[in-house]
Amino acid sequence: MKLSTLLQACGYASEDFTSALTADLADTEVRAVTADSRKAGPGTMFVGLKGLQHDGSAFIPAAVLKGAAVVVEAGAPMLGEHSEIDGQKRHCATHLRLPEPARFLARAAALLAGKQPRHVVAITGTNGKSSTADFLRQLWTLQGKAAASIGTLGLVTEADIPPLPALTTPDAVSLADALAALARAGVQHVALEASSHGLVQHRLDGVQVTEGGFSNLTRDHLDYHGTLDAYREAKLRLFEDLLPPGSRAVINADMDPQTLAALRRSAKKRQLDLREVGENGTTVRILSRRPLPQGQELHLELEGEKLPPIFLPLTGAFQADNALLAAALYWDTPSQAPAVLALLSQLVGVPGRCERIASLPNSATAYVDYAHTPDALEHVLQSLRPHVTGKLIVVFGAGGDRDRGKRPLMGQVAAHLADVVIVTDDNPRTEDAASIRAEILKACPQALEIGNRHDALQKAVNDLQAGDVLLVAGKGHEKGQIIGTTIHPFDDRALVRQFMQARSTPGPDTQQQAQTKQDGNEVRS
C-alpha cells in the first residue's frame, strides 16, 4: 500500500505536510508496520513511540540501517528523507512526522492487516473485564456462533490461529493481525478487553468496535495515570472516542456516582443505545441473590418485568454482575433477552476468577482469584463469606513497581473481612519484597507474614479445618512469579490443588514432611 493511501485513510491530506519532496516520497510502498526496530526491514514502516522507559524515535537510525522504507516520529506534520551511513553504503528512508504517531500506528496496522470481524465488543473497567469477555464468548458459542475473546487470558477461540501473549490489551500491530486472522478463519464475534493503558496509548484506535461495556472503576494503576481522574478519563475514551455514534453500550449501574454520571453524559452526547445492569439497573435489575452450594440463584427484573429465577453456576455477587453485563451486550432486541439470560445457567467459570480449586473431606474449600486491587479483594471476600461455616482465610500480597498507595488499603480490607490473613509475596519485580509486605502489614498487624509464596500456600492449606474457606488472591491464572526481571514458574492453582490433594490422601510421611518444612520458615505475627 502506498504511504499516501495510508495517510489519506488515516485522515491526513497532502497539504497537511511541509516538504518540497512530498509528491515523490508519498509514493513509498509500505507492506508492514512495526514499533520494534528489530523487526524493521524492506517495505516496513517503523513508528518510534515514546514510552515510560524509552523514546522509540531514538531507534530510527537502527531501523533505517535495517532497510525500513518509512520511519515515523512525533512532531508537526512533515514528510522528508532520513539517511544513515553504514560503512561506505548510504541507507535512506522516507521520514514522516505526525502529532499522534501511536494513533497512526494503530490505524495503519489495521489497514495493512485486513478486514476485521463484524462484531468486536470492547469491555473496560477496573475489575471484571476478563470474566465479562469470556462469558460473552461463551454465550456466542452456546448459540452456535464462531467466537473469540482477547485479553488477560490470551486469545481464546476454537479457530486455528497463532496465539497472542496474555496481555489485557495487546500492542496495536498484534491486535490488528489477530483480528484479521480471526476474520479470515470465519470468526465474526470477538470480545476484547480494553485496558486503561491500551486506551490512552491508542492501541485500540484501529479496531472497528461495534459495542462497548464498562464494568466498574476503582483505584488501580495510579503509578501510571497519576490520579483517579486521569485513570477515569483513560477508561472513558472507549465511550467518548471509539464507540461509533448510536452503537450499543452497557454499564454496571452500581459503580461510583462520578463515573456513572460521566458515562451517562457520554452516552447521551453520542446517542449510544445505553443499557444498565445491576441492583440499580434499568435494563436488567438484580432483585436478590441466593447463595447455593454450587453457585447462586438470581431473581431479576427485565425492563420492569420479573423473570423466573435463574441459576448461575458461579460463586460471588460480582460474577453475577459480569454475567449480566455480558448478556446485555449480546442481545439485539428486548424480545431476545429472556432466552439469552436463560443461557447463564450454562456458563463455566473463568480460570483464576473466584475459581473453586478443591475441597477437603472436612468440607474446607479453596478458591483462587485474580483480585489485586482493594475493591476486587473486598468483593471476592464478601462473596465467599456466605459459604463459610468455619473461618475465612486469605493469602495475598501486592505487586512491586506498581501503585504503592493501594497496599495498606488491601491490608485494611483483609483485616476487616477475613478471619485469618497471611501476607506473602505477589510479583515483587524490582522492589524489595519485604518492604512491600511491610506496607501491607501496617494496616493488618495481626496477619501472619510468610514471604515465600509456596510456603504461605502450604501453611494455609495445612491449617484448614472443617467449614473453612481459603482464598488465594492476586495472581489468579498466572503461571509465573516476577522476581527482579525474571519470571519464575509459579502457579497458585496447581500448588493449591497439589496441597489439597496431599491433605485428602496423605502418605505415611506427607504431613510430617510438610510440618518440617513449615518449621524451617520465617513466620512472624
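**Ground rules.** I count residues from 1 along each chain as its sequence is written, and I keep in mind that side-chain values use heavy atoms, with hydrogens and water left out. The model is predicted, so to speak of local features I need pLDDT of at least 70, while side-chain atom pairs count only at pLDDT 80 or more, and totals for chains, interfaces and linings use all residues.

**Confidence.** I looked up the pLDDT, the predictor's confidence in each residue from 0 to 100, and found that the protein averages 91, with 94% of the residues scoring at least 70. Over residues 509-525 the pLDDT is below 50, although this stretch has 24 contacts in the model beyond near neighbours in sequence, a contact being heavy atoms within 4.5 Å. Where pLDDT is low, the predicted coordinates should not be read in detail.

**First sheet.** Helices (H or I, at least four residues) and strands (E, at least two) are DSSP runs, numbered from the N terminus, and two strands pair if DSSP finds at least two bridges between them. I traced an open sheet of 5 strands in the order E1-E2-E3-E5-E4, with mixed pairing. Strands E1 (32-34) and E4 (78-86) stand at the edges with a single partner strand each, so one side of each has no neighbour in the sheet. Strand E2 (residues 44-47) runs parallel to strand E3 (residues 70-74), and 3 bridges join them; Phe 46 stands opposite Val 71 in E3. Helix H4 (residues 101-113) packs on this sheet, where I see it touching E1, E2, E3 and strand E5 (89-98).

Strand E20 (residues 420-423) pairs with E21 in the parallel sense over 2 bridges, and Leu 448 in E21 is the bridge partner of Ile 422.

Among the residues making the contact are Leu 377 and Leu 381 of H13 and Leu 409 and Val 413 of H14.

Terms used. Axes are lines fitted to C-alpha atoms, for helices over the stretch in contact, and angles run from 0 to 180 degrees between N-to-C directions.
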